[in-house]
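Biologist: I would like to learn how to read this model. Please take me through the features one at a time.

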Amino acid sequence: SAGRGDNAIATLQGAMAKFPDEPLVKLELGAALGRQKRFAEAESVFRQMITADPTNAEALNYLGYMYAERGIRLQEAERMLKKALKNAPSNAYYMDSLGWVYFKKGKLKLALEYLDKASKILTDPVVYEHLGDVYAALGSFDDARMSYKKSLDKNRNQTVEDKLRLLPGAD
């Protein structure tokens, strides 16, 4: 959060050396690597976690979402995220991730179903942005506008502001 990702990674790698079997340290290391766009290393950490515990919903979610964000391996991401949701059916973050995979696959109705459900559980700016993207793709511009505004209420973000401004009928 402080913009010192390399320091975080070094600290987490040190913690891994001391606590090699601690899942939380591995999860945080994979997440930190992903945020630093060190995707191959992050993927390796998450795959190790999934190999050790194929039901690890957090690792399944992180890796599946990382694929969805990059628009790659979407079939595999979908399988992982369905498995994560099977293990934690009320987790709105996992719903958001699966909805985002469906959006990337062009399955907008399924995306809307999962993202709408997630948005009713979480008040998260990313979930609202994803929901706005789906509504915009469906041509429901008033709903998209409302979702983008909810996202901006939680976190000012230039990308979301641009999306809002570019909607048809924007003031």
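Biologist: How many aromatic pairs does a search of the whole structure find?

Modeller: First the rule: rings of Phe, Tyr and Trp (its six-membered ring) pair if their centres lie within 6.5 Å; planes under 30 degrees apart count as stacked, over 60 as edge-to-face and the rest as tilted. Searching the whole structure gives three aromatic pairs. Take W100 and F103: the ring centres are 4.7 Å apart and the planes sit at 10 degrees, so this pair is stacked. Both residues are in helix 6, three residues apart, which means about one helical turn separates them.

Biologist: What kind of model is this, and how are residues numbered?

Modeller: It is a predicted model: local features need pLDDT of at least 70, side-chain atom pairs count only at pLDDT 80 or more, and totals for chains, interfaces and linings use all residues. Residues are numbered from 1 along each chain as its sequence is written, and side-chain values use heavy atoms, with hydrogens and water left out.

Biologist: Is W100 buried or exposed?

Modeller: Cut-offs first: buried means under 20% relative accessible area, exposed over 50%, partly exposed in between (1.4 Å probe, protein chains only). W100 has a relative accessible area of 6%, so W100 is buried.

Biologist: How are the rings of Y102 and Y114 arranged?

Modeller: Their centres are 5.7 Å apart and their planes at 40 degrees, so the pair is tilted. This pair links distant parts of the chain: Y102 is in helix 6 and Y114 in helix 7 (residues 108-121), 12 residues apart. Y102 is buried at 3% relative accessibility. Y114 is partly exposed at 21%.

Biologist: You keep numbering helices. What counts as a helix?

Modeller: Helices (H or I, at least four residues) and strands (E, at least two) are DSSP runs, numbered from the N terminus.

Biologist: How do I describe two packed helices?

Modeller: Use the angle between their axes and the distance between the axes. Axes are lines fitted to C-alpha atoms, for helices over the stretch in contact, and angles run from 0 to 180 degrees between N-to-C directions. Angles under 35 degrees count as roughly parallel, over 145 as roughly antiparallel, 65 to 115 as roughly perpendicular and the rest as oblique. Now the case: the axes of helix 6 (residues 92-104) and helix 8 (residues 125-138) come within 11 Å and cross at roughly 30 degrees. Helix 6 and helix 8 are therefore roughly parallel.

Biologist: What is the handedness of the crossing of helix 6 and helix 8?

Modeller: A crossing is left-handed if the near helix is turned anticlockwise from the far one by less than a right angle, and right-handed if clockwise. Helix 6 passes helix 8 in a left-handed crossing.

Biologist: Which residues meet there?

Modeller: Contact means heavy atoms within 4.5 Å. From helix 6, D96, W100 and F103 meet V126, V127, H130, D133, V134 and A137 of helix 8. By class, that contact has six nonpolar, one polar and two charged residues. The classes: Ala, Val, Leu, Ile, Met, Phe, Trp, Tyr, Cys and Pro count as nonpolar, Asp, Glu, Lys and Arg as charged, and the others, Gly among them, as polar.

Biologist: What does D133 touch?

Modeller: Leaving out residues up to four places away in sequence, D133 touches W100, F103, Y148 and K163. D133 lies in helix 8. With a relative accessible area of 10%, D133 is buried.

Biologist: At what angle do helix 4 and helix 5 cross?

Modeller: The axes of helix 4 (residues 57-70) and helix 5 (residues 74-87) cross at roughly 150 degrees and come within 8 Å. So helix 4 is roughly antiparallel to helix 5. The crossing of helix 4 and helix 5 is left-handed. Their contact has 11 nonpolar, three polar and two charged residues.

Biologist: What lies in the loop between helix 4 and helix 5?

Modeller: R73 lies in that loop. Phi of R73 is near 45 degrees, a positive value in a residue other than glycine. R73 counts as partly exposed, at 43% relative accessibility.

Biologist: Where is K37 found?

Modeller: K37 is in the loop between helix 2 (23-35) and helix 3 (39-52). Its phi is near 65 degrees, a positive value in a residue other than glycine. K37 is exposed at 63% relative accessibility.
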